[in-house]
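Please open the structure in your viewer and keep the selection tool at hand. The tour below goes from one selection to the next and says what is found at each stop.

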Amino acid sequence: TGSVAVTSGTRFDLDKETELRFEVEAGEKVQLELLSGLAEVFGSELNRNKKYTFGPGSKIAVFTWQGCSLSLTGKTEVAYISKDTPMLLYLNTHAALEQMRRQAERDNDRGPRVMVVGPTDVGKSTVCRLLLNYAVRLGRRPTLVELDVGQSSVSVPGTMSALYIERPADVEEGFSVQAPLVFHFGSTTPGTNIKLYNKLTSCLAEVFSQRCEVNRRASVGGCIINTCGWVKGSGYQALVHCASAFQVDVVLVLDQERLYNELKRDLPHFVRVVLLPKSGGVVERSKDCRRETRDEKIREYFYGFRGVSFYPHAFDVRFSDVRIYKIGAPSIPDSCLPLGMSQDDTQLKLVPVSPGRDLTHHVLSVSCAEDEGESGAGRGRGILESPVCGFIVVTAVDTQAQVMTVLSPAPRPLPRHTLLIMDIRFIDLK
Ligand code: ATP
């Protein structure tokens, strides 16, 4: 895998069931064109004689079932054809899921609920995208449940979400994110607040089940759940919790036999646990690379993506006009807890925060929770379980004047006044 500098249209001829893998160099762009035959990128079909552009750092596989010719223009870090892919196994997995959907249709039952698990960098998100694409291409309406709080494919990092899939992912941009249901988690690893993580998993499961009750196509389509790469200790327990909350029927374990055996042991016998190999093409990503991807995701939220530019707004928000919370009080020894209170309660507690300089650069979720008057009984629970309607970034805090300046996708005023602090920071360089 030496460095290949492809400058002007290099042609690649692929036999059937092979894939062209390439990575785009930092600061570069690469154009891909299908010259003849049929090919797909993670389950989305390519159109012939259309130029697809991939930005810096993209790691792409163009697979062909029938054989094809492709052209690549621009600087790639690597570009090679591989004959050794697990795509046939993935296709068979899809076929089995489709069988379950057919049966659900016949028996007036619900379609497959699938959880995709495995350590980091085994291609979980890619397998989810593939299975969703294959399902939607057959006219199904599956739901993507995104529980990876580090690298969400649906919303900004630090969120957990669900997206109803109505068309295949765009080759360049992924799934169209029109009306996702998004919950605030607040950090990039579930370990920061595992109680909250499990709680929000349950919330998503509940909302999904409610949708299935009123929407037959959603019910038959089932869901594909993408999870975090943290598969030990509480991370593992979170997977078991998810399986039970969603009542999953199928668990796809990528690349880790140990995890496969543990889940087979711990999940009810009717859950089908399947071990699948990872693709040799999946590229390991460094910590820095992950951080960059997260940053990029937030930048896209405010400034748009490729052809579509957004123009975010900057305005002042008076402290007195908003209520700012952090979820989870710092944990204290059990012996110091007030009588009748458990550690769980502290992790799910809404802690009011008075803004200070240290809030600068933090991402805040704007909760959809109804703005109520002064705190009433039970109000906190409502906020935790409410989806978010958007995000802002604090760019400056003036404690003297009691105002903060925020970056917002929409002009003032804020649509709601309950704000939840993320651990995640974004430095706006524009
Ligand atoms: P994480 O645990 O960090 O969420 P993951 O297991 O979900 O990672 P993916 O995001 O699916 O892994 O894949 C990692 C990277 O590898 C992505 O950039 C993806 O585009 C790329 N990739 C996946 N499959 C292939 C392949 N067959 N050839 C080339 N690149 C690939």
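Helices, as the word is used here, are DSSP runs of H or I with at least four residues, while strands are runs of E with at least two, and both are numbered from the N terminus. Keep in mind throughout that this is a predicted model.

**Stop 1: helix α7**

Select residues 287-303, which make up helix α7, and then pick out E300, which lies in that helix. If neighbours within four places in sequence are left aside, E300 is in contact with F305 and F310.

**Stop 2: the mixed sheet**

Next, display the seven strands that form an open sheet with mixed pairing, and follow them in the order β19-β24-β23-β22-β25-β20-β21. Which strands stand at the edges of this sheet? They are β19 (313-318) and β21 (350-352), and each has a single partner strand, so one side of each is left without a neighbour in the sheet. If you look along the sheet, neighbouring strands are turned by 40° against each other on average, with direction ignored.

Zoom in on strand β20, residues 323-327, which runs antiparallel to β21 and is joined to it by three bridges. Within this pair, Y325 stands opposite P352 of β21. With helix α7 shown again, you can see that it packs on the sheet, where it touches β22 (362-367), β23 (388-398), β24 (403-408) and β25 (418-425). The direction of the helix makes about 100° with that of β23.

The peptide bond that joins R412 and P413 is cis, with omega at about 0°.

**Stop 3: the antiparallel sheet**

Now select the five strands of another open sheet, whose order is β5-β4-β7-β2-β9 and whose pairing is antiparallel. At its edges stand β5 (44-45) and β9 (76-82), and since each has a single partner strand, one side of each is left without a neighbour in the sheet. Strand β4, residues 40-41, pairs with β5 in the antiparallel sense over two bridges, and the bridge partner of V41 in β5 is S44.

From β5, move along to N49, which sits in the loop between β5 and β6 (51-54). N49 is worth a look at its backbone torsions, for its phi is positive, about 55°, although N49 is not a glycine.

**Stop 4: the ligand**

Finally, select the ligand and the 20 residues that surround it, of which the closest are K59, S125, T126, R285 and R290. Sorted by class, this shell contains six nonpolar, six polar and eight charged residues.

Taken alone, the ligand exposes 640 Å², and the protein buries 91% of that. To end the tour, colour β2 (18-24), β7 (59-64) and α2 (124-137), the elements that give two or more residues to the shell around the ligand.

How values were computed
Residues numbered from 1 in each chain as written. Predicted model: local features only at pLDDT ≥ 70, side-chain atom pairs only at ≥ 80, totals over all residues. Heavy atoms only, no water. Near = heavy atom within 4 Å. Areas by Shrake-Rupley, 256 points an atom, 1.4 Å probe, with all protein chains shown as cover. Nonpolar A, V, L, I, M, F, W, Y, C, P; charged D, E, K, R; others polar. Pairing = 2+ DSSP bridges. Axes fitted to C-alpha atoms, helices over the stretch in contact; angles between N-to-C directions. Contact = heavy atoms within 4.5 Å.
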